[in-house]
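Please open the model in your viewer and keep a selection panel ready.

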Amino acid sequence: MDAAASQSLYPLHRCKTVHLVRHAQGVHNVAGEKNHDAYNSYEFFDAHLTSLGWEQVNNLRKHVKASGLSKNIELVVISPLLRTMQTAVGVFGGEAYTDGIGEPPLMTENVGHSDHPAVSSMNCPPFIAVELCREQIGVHPCDKRRTISEYRNMFPAIDFSLIESDEDILWESDVREKTDEVSARGLKFLEWLWAREEKEIAVVTHSSFLFNTLRAFGNDCHPDIKSEICTHFANCELRSIVIIDRGMIGSSESTTNYPGKIPRGPDVPSEAAD
């Protein structure tokens, strides 16, 4: 067997585990499946989750807990749109928030007309919103975000500090971002992820963003693996991948390697060694 053709070896500290999640079902998904023109309607501006979407969130949360993922994730990165933040908080956030807790909630109650209780920010990883992993931008009102000021009131414990503009200056009503532009933005996002110090990260984002980012990968793999990487995500689907630093982009040092020869001493000749 040609090992070089079927396997690859990389140092562990040059790898990063990323758990990719597409948001749960939004009201725009339901309307868009019936009539694609619904995506152009301002009725679905910054679309929120449906009741079925919240069921999907609860089921993924159970899986994340049962599989042990929730204990390993060090950071949750979110697209700053309502449906992705609702999904992220519901899946990876704390338990129900109660008054009197010293820390602010991740999400206040009834966000997006959800009838969902407030969610605690305790006993969960930090959450940070990043514009680079937004859905394909432009034309569709469902992909236009609210002001960051509004989001801070809805999601008090999410970190929005990386977003420079309060208003959505990226979305245009008459220009839709090209798929190649989404791919380029996705690769830039992965570079940003790699520069983070965390080794296990969850990313909650969108269908087109995921597809157009991941389609750049897997061309050197078996076709089935390429398909596994690039197939469109279902609502609230989670896939775990590993990012490998082939080009020495990162500078992280191993936390598990051990240099040996501690304490140092004269080497025993090989013929005298057991």
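Begin by selecting the residues that line the largest cavity, which divide into 8 nonpolar, 1 polar and no charged, where Ala, Val, Leu, Ile, Met, Phe, Trp, Tyr, Cys and Pro count as nonpolar, Asp, Glu, Lys and Arg as charged, and the others, Gly among them, as polar. The selection is Leu20, Phe189, Leu190, Leu193, Phe209, Leu210, Thr213, Leu214 and Ile241, and α8 (207-214) gives the most to this lining, with 4 residues. On a 1 Å grid over the protein atoms alone, a cavity is a set of points where a 1.4 Å probe fits but cannot get out, a pocket is an open set with protein on both sides within 12 Å along at least five of seven lines, and lining residues have an atom within 4 Å of a point.

This is a predicted model, in which local features need pLDDT of at least 70 and side-chain atom pairs count only at pLDDT 80 or more, while totals for chains, interfaces and linings use all residues. Residues are numbered from 1 along each chain as its sequence is written, and side-chain values use heavy atoms, with hydrogens and water left out.

Next, select Glu131, Ile137, Ile169, Leu170 and Arg185, which lie nearest the centre of the second largest pocket among its 20 lining residues; by class, that lining has 8 nonpolar, 2 polar and 10 charged residues.

Note on methods: Helices (H or I, at least four residues) and strands (E, at least two) are DSSP runs, numbered from the N terminus.
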